[in-house]
Amino acid sequence: MAETDKDDLVSLLEDTDGKIDIPEIMPLLPVRDVVIFIDMVLPLFIGRDRSVKAVDKSMGGDRLLFLSTQKDPSIEDPKPDDIYRMGTICRILRILKLPDGHFKVLVQGLEKGRIKRFTSHKGYYSVKVEVVKDKPFEKLELEHQALMRNIRENCEKILTIRGEYSSEIGILLEEIEHPGKLADLVSSNLKLKIEEAQGLLELSDPLERLQKVNDYLTREVELSVMQAKIQSNVRDEISKSQRDYFLREQVRAINKELGEFDDRVEEVGEYKNLLKRAKLPAEAAKEADKQLRRLEQMHPDSSEASVIRTYLDWIIELPWSKSTKDKIDIKAAKTILDSHHYGLDKVKDRVLEYLSVRVLNPNKKGQILCFAGPPGVGKTSLGQAIAKAMNRKFFRMSLGGIRDEAEIRGHRRTYIGAMPGRIIQGLKQCGSNNPVFMMDEIDKIGSDFRGDPSSALLEALDPEQNANFSDHYLNLPYDLSNVMFILTANVIDTIPSALLDRMEVLNLSGYTLEEKTAIAETFLLPRQIKENGLKKKDITISPGALQQIIEEYTCESGLRNLERELAAICRKLARKIAEKEKGPFQITKTNLQQFLGTPKFMPEMDQEESQVGLSTGLAWTSVGGEVLYIEATLLDGKGELIITGQIGDIMQESARAAVTYARSHRERFGIKKDYFENRDIHIHVPAGAIPKDGPSAGIAMATALISALTNRPVNTEVAMTGEITLRGRVLPIGGLREKSLGALRAGIKTIIIPEKNKNDLAEIPKNVKRKIKFCPVSTIDEVIAIAIGEDLIQPESAKSPKSKKNKRPNPPGGVSGS
């Protein structure tokens with residue numbers, strides 16, 4: 001359809017000023033995202049088939065259309081229920097056909113109308129429309145006039161803020177005296193939601209509609225004011241930044257002409273001097289110069305400049321070439337180690353050997369030692385003593401609970417708040433590149449989605465690789481080969497094998513009664529006397545009382561609880577002195593309970609006499625050796641084996657092996673053939689709430705079971721450790737030193753050990769071997785002979801599977817330390 005000519009358009013506009021004959025039925029044009037008010041002129045793009053046909057129908061007649069808004073603009077083909085009933089009768093003022101067959105039309109609202117009925121024609125809707133007039137009003141009250149004035153002023157305010165106000169608009173607003181027309185004019189120019197605009201259209205009371213428009217207009221004024229304020233602040237900030245930048249550049253140019261330097265030049269010059277004095281390696285110096293050139297070209301207040309300054313500060317403060325001079329005096333070092341720790345000869349000898357090698361080969365790479373032992377045996381303090389003996393700085397880093405690889409290697413500088421790893425931080429804190437670096441609790445390190453810290457430690461703890469250790473933050477190789485790394489652990493089972501392979505493990509098993517007594521007298525008691533404000537003359541602890549404290553108030557391999565008990569005594573004496581009681585005070589076995597209360601630990605050998613079905617085993621734990629009682633009993637049943645005590649798979653297998661051995665050798669113990677068929681065997685390991693497992697309880701289980709089968713008691717003073725096979729052989733075990741110390745604390749007199757562990761007796765302290773008799777055995781027959789009695793076992797009718805070469809006499813034998 002062609003565009004109307006100019007004369008037709010003029011005639012159409014003139015017709016709108018006069019009375020228009022509005023038909024009762026007219027084409028429907030659904031519109032989206034807009035509500036049309038009376039006298040509103042609006043361009044529309046017509047693209048839907050129904051809409052195009054409706055426009056064609058209108059242009060073929062009186063050019064009138066009924067425009068109503070869709071409830072949901074996303075619906076492409078709306079049904080009658082999808083269209084609001086209230087709409088606007090409009091006239092097409094101009095039409096332009098586009099190349100794609102669609103129309104661009106200009107429409108003007110004439111009257112409000114309400115759809116009474118839909119009539120569907122071919123391809124479009126026709127509707128029967130009822131014209132809706134505004135309610136009449138007699139005259140404008142003073143309140144209504146004030147409301148109209150307020151609306152005019154708010155309109156001017158909004159247009160002024162937007163920069164769209166002109167005098168013609170002001171005159172137009174002043175000339176409108178009808179409240180309904182003013183409300184419709186303002187509504188058509190407000191950015192209202194479809195629901196809000198439709199609600200205004202459906203209000204037939206002009207005064208009520210005017211009030212509603214005023215509310216919307218007031219809200220729009222507040223939004224426009226806030227928006228203008230935000231834009232103004234942004235413009236001011238940008239203008240200020242640009243102004244400051246130009247002023248700085250001008251000042252810089254002026255200073256350059258005057259031969260003076262600004263702060264940026266002074267800062268760069270200071271960094272250059274510091275980098276020169278730092279004596280950086282070639283690669284580090286190259287990177288530092290590169291970053292310094294970048295800093296010189298940046299705006300000093302930019303965030304990137306701050307990151308570069310922090311990076312340069314780290315490079316400057318790291319001890320690239322600073323080191324302490326080792327004090328290589330073997331005798332003096334031995335004196336220092338002895339003054340700090342009692343015993344621990346093996347560990348001290350290893351440290352002195354390391355110092356001796358440094359005397360002969362100063363370029364020897366740093367060593368990685370791992371002190372493994374229960375808590376409180378002095379692992380951390382030993383590292384401090386080593387640092388003092390070598391005249392080196394000491395740094396301690398706890399690895400317990402670390403799960404993030406960045407704690408070791410650092411964060412990359414791209415992250416906000418990035419910083420180097422704990423190793424580089426420790427070296428910076430020490431101020432030297434050859435400290436004694438202690439990593440505590442290496443066995444408690446973890447891993448998760450952030451990485452595996454133990455894998456990151458591989459490079460740092462490998463003497464062949466740590467000369468070029470790379471931290472993610474520095475992104476430069478750093479030489480750790482001069483650092484002496486010392487690690488501590490309670491158990492080595494949880495340390496990854498690749499990491500364990502890079503370190504030399506030194507075991508600190510624990511202390512004997514004599515060693516604890518000497519340490520308490522030499523180190524612990526004097527320290528507590530000083531910390532609690534006492535004097536040496538104020539307190540005396542008798543040897544018997546000190547021994548009672550160790551045996552009945554503590555039960556540990558280390559010394560922490562012992563020191564706590566001594567501290568408790570000192571605190572009570574400090575109170576007495578503060579209350580004006582006169583000393584000196586003497587602590588003896590008689591008055592010890594007045595200070596510490598009743599004993600906390602009694603000797604575990606609570607049975608005065610030997611009992612049937614009860615044997616004493618020995619267990620290794622992360623806090624030292626412990627005795628392990630094993631009970632066996634028989635009851636009527638169906639030949640089942642019952643195992644209780646929360647024991648693991650390995651100990652359960654040991655129990656089954658013991659039962660199999662006993663059943664297969666029943667004739668030697670005088671047991672009838674059908675004895676097991678009507679009896680259940682119950683093996684129990686007390687302390688059922690504590691998980692237990694390991695391969696060293698086999699002979700103790702077999703002994704308890706055979707005791708129950710033969711109704712012969714097991715010697716209460718005998719403990720045993722070793723695994724059993726189905727043929728009755730005794731296999732070797734580990735942790736003999738810790739187990740022997742635990743047996744000594746429990747009052748054991750004799751320990752049965754596997755024959756192949758006989759060489760381990762060299763590591764047992766002499767005072768332990770004086771108090772405990774060690775009996776090496778190779779078969780269960782020898783164990784029974786010692787623990788129950790040599791007369792229990794009857795001679796075998798068949799040939800013994802054991803060769804004569806390996807056969808041992810039945811009478812109990814032993815190896816003592818005397």
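Trainee: Which residue just after H23 takes a positive phi?

Mentor: Asn-711, with a phi of about 60°. This is a predicted model, where local features need pLDDT of at least 70, side-chain atom pairs count only at pLDDT 80 or more, and totals for chains, interfaces and linings use all residues. Residues are numbered from 1 along each chain as its sequence is written, and side-chain values use heavy atoms, with hydrogens and water left out.

Trainee: Is H23 buried or exposed?

Mentor: Mostly covered: 13 of its 13 residues are buried. Buried means under 20% relative accessible area, exposed over 50%, partly exposed in between (1.4 Å probe, protein chains only).

Trainee: What span should H23 have?

Mentor: H23 covers residues 698–710, so at 1.5 Å a residue its 13 residues should span 18 Å. The expected span is 1.5 Å times one less than the number of residues. The end C-alpha atoms of H23 are 18 Å apart, which agrees.

Trainee: New topic. What is the strand order in the open sheet of five strands?

Mentor: E8-E9-E12-E7-E13, with parallel pairing. Two strands pair if DSSP finds at least two bridges between them.

Trainee: And which are the edge strands?

Mentor: E8 (394–398) and E13 (504–507); each pairs on one side only. Neighbouring strands are turned by 20° against each other on average, direction ignored.

Trainee: How many bridges link E7 and E13?

Mentor: Four, in the parallel sense; E7 is residues 368–372. Ala-372 stands opposite Asn-507 in E13.

Trainee: Which strands does H12 touch?

Mentor: H12 (residues 345–360) packs on the sheet and touches E7, E12 (484–489) and E13. Contact means heavy atoms within 4.5 Å. The direction of H12 makes about 145° with that of E13. Axes are lines fitted to C-alpha atoms, for helices over the stretch in contact, and angles run from 0 to 180 degrees between N-to-C directions.

Trainee: Now H18 and H19. At what angle do the axes cross?

Mentor: Roughly 120°, coming within 10 Å. H18 is residues 513–531 and H19 is residues 543–552. That makes H18 oblique to H19. Under 35 degrees counts as roughly parallel, over 145 as roughly antiparallel, 65 to 115 as roughly perpendicular and the rest as oblique.

Trainee: Which residues meet there?

Mentor: Among them, Leu-513 and Ala-520 in H18, with Leu-546 and Ile-550 in H19.

Trainee: Last one. Is Glu-266 buried or exposed?

Mentor: Exposed, at a relative accessible area of 54%. Glu-266 lies in H8 (residues 263–277).

Key
Helices (H or I, at least four residues) and strands (E, at least two) are DSSP runs, numbered from the N terminus.
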